[in-house]
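Walk through this structure one contact at a time.

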Amino acid sequence: MRPGIFLVGPMASGKTIVGRAVAALLEAGFVDTDEKVVQGAGPIAGIFAEQGEAGFRRLESAALAAAAEQADAGPTVVATGGGAVLDPANRALLAGRFTVYLLTDLETVAPRVRTATGRPLLDAGTDALQRWTDIFAVREPLYRDCAQLTIDTRGATPAELAQAIVDAYRRRTDAALTDPALTDPARRDPR
Ligand SMILES: Nc1ncnc2c1ncn2[C@@H]1O[C@H](COP(=O)(O)OP(=O)(O)OP(=O)(O)O)[C@@H](O)[C@H]1O
Ligand SMILES: O=C(O)C1=C[C@@H](O)[C@@H](O)[C@H](O)C1
Ligand SMILES: [Mg+2]
């Protein structure tokens, strides 16, 4: 069985929109961990306000674990939240699966995050762009650490990115059929 596809990357890099497009191309299921958390516990801003970021992270980790179970059982594309990689257990889960890092930069995401977006880490205070930059600097190595593939999203449409991910995924899974060792995380592509 083909393994699931997991998308990681900073806020507004396109994990949700690209993930949906990948799932449509593959006719696979789609899970967005943020959406699952919201379904269970209400809007993210409210969770942060009532339970703090730590409370949100616990719910996010549970949603990711459930998504991984679903992905291990059948074709599934999983869009994570931008901070899912902060938890070492989440990183271990992702590193053992087909995880794609959606690389982007401030110039690309600025129009998407300049105004309030429902992301509490950006919406608090005035300078969302500076906060995005500071958070990205901390997390960038973590995204790289758990991804098997990095896709540069800059200047590409969600449809183009989805096709690139599907092409890479098919190459990887076809190769794994003849060399199962390729699915071993210890033999991931150098980045
Ligand atoms: N490649 C792209 N080209 C144009 N618009 C894009 C692209 N990727 C994302 N967007 C737009 O940017 C916004 C944020 O995208 P999206 O919600 O998919 O990001 P995300 O990575 O899931 O963010 P979060 O970490 O908050 O969940 C959406 O309005 C989306 O349509
Ligand atoms: O990058 C982050 O820490 C976050 C990103 C969003 O996807 C949500 O998970 C939430 O707003 C936190
Ligand atoms: Mg999202």
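The model is predicted. Begin with helices H4 and H7, which pack at an angle of about 35°. Their axes are 8 Å apart. H4 contributes Arg 91, Leu 94 and Ala 95 to the contact. H7 answers with Leu 142, Asp 145 and Cys 146. Sorted by class, the contact of H4 with H7 holds four nonpolar and two charged residues, and no polar ones.

Now step back to the whole protein chain. It has eight helices and five strands. Along the sequence they follow the pattern β-α-β-α-α-β-α-β-α-α-α-β-α. Of the 191 residues, 35% are buried. Take the contacts with a separation of 6 or more: 74% of them join residues 24 or more positions apart.

Look at one pairing in detail. E2 and E3 are joined in the parallel sense over four bridges. Gly 29 stands opposite Thr 76 in E3.

H1 leads on to ligand 1. This ligand is surrounded by 19 residues. The closest are Gly 14, Lys 15, Thr 16, Ile 17 and Gly 82. H1 and helix H8 (158-178) are the elements that give two or more residues to the shell. Which element gives the most to the shell around ligand 1? H1 does, with three residues. By class, the shell has seven nonpolar, eight polar and four charged residues.

UniProt lists Thr 16 under "binding site", in an unreviewed entry. Thr 16 has 19 other C-beta atoms within 10 Å, so it counts as partly exposed; a buried residue needs 20 or more. Beyond residues up to four places away in sequence, Thr 16 touches Asp 32 and Ala 79.

Turn to ligand 2. Around this ligand sit Met 11, Asp 34, Ile 44, Gly 81, Gly 82, Gly 83, Arg 119, Pro 120 and Leu 121. Four of these shell residues are nonpolar, three are polar and two are charged. The unreviewed UniProt entry places "binding site" at Asp 34, Arg 57, Gly 82 and Arg 139. Asp 34 and Gly 82 are among the residues of the ligand 2 shell.

Where does Gly 82 sit? Gly 82 is in the loop between strand E3 (76-79) and helix H4 (88-95). Is Gly 82 buried or exposed? Gly 82 is buried, because 23 other C-beta atoms lie within 10 Å. Not counting residues up to four places away in sequence, Gly 82 touches Gly 9, Pro 10 and Met 11.

Arg 139 brings us back to helix H7 (residues 128-146). Arg 139 counts as buried because 20 other C-beta atoms lie within 10 Å. With neighbours within four places in sequence left aside, Arg 139 is in contact with Pro 10 and Val 85. Pro 10 is also touched by Gly 82.

Finish in the loop between E3 and H4, where Asp 87 is placed. Asp 87 has 17 C-beta neighbours inside 10 Å and so counts as partly exposed. Leaving out residues up to four places away in sequence, Asp 87 touches Arg 57 and Ser 61. Arg 57 is one of the "binding site" positions in the unreviewed UniProt entry. For distance, compare Asp 87 with Val 31. They are 56 residues apart along the chain, and their C-alpha atoms are separated by 19 Å.

How values were computed:
Residues are numbered from 1 along each chain as its sequence is written. Chains are lettered from A and ligands numbered from 1 in the order in which they are written. This is a predicted model: local features need pLDDT of at least 70, side-chain atom pairs count only at pLDDT 80 or more; totals for chains, interfaces and linings use all residues. A residue is near a molecule or strand if its C-beta atom, placed from the backbone, lies within 6 Å of it. Ala, Val, Leu, Ile, Met, Phe, Trp, Tyr, Cys and Pro count as nonpolar, Asp, Glu, Lys and Arg as charged, and the others, Gly among them, as polar. UniProt positions are given in the numbering used here, feature names are shortened, and annotations may be inferred rather than shown by experiment. A residue is buried if 20 or more other C-beta atoms lie within 10 Å of its own, exposed if 12 or fewer, and partly exposed in between; C-beta atoms are placed from the backbone. Two residues are in contact if their C-beta atoms, placed from the backbone, lie within 7 Å. Two strands pair if DSSP finds at least two bridges between them. Axes are lines fitted to C-alpha atoms, for helices over the stretch in contact, and angles run from 0 to 180 degrees between N-to-C directions.
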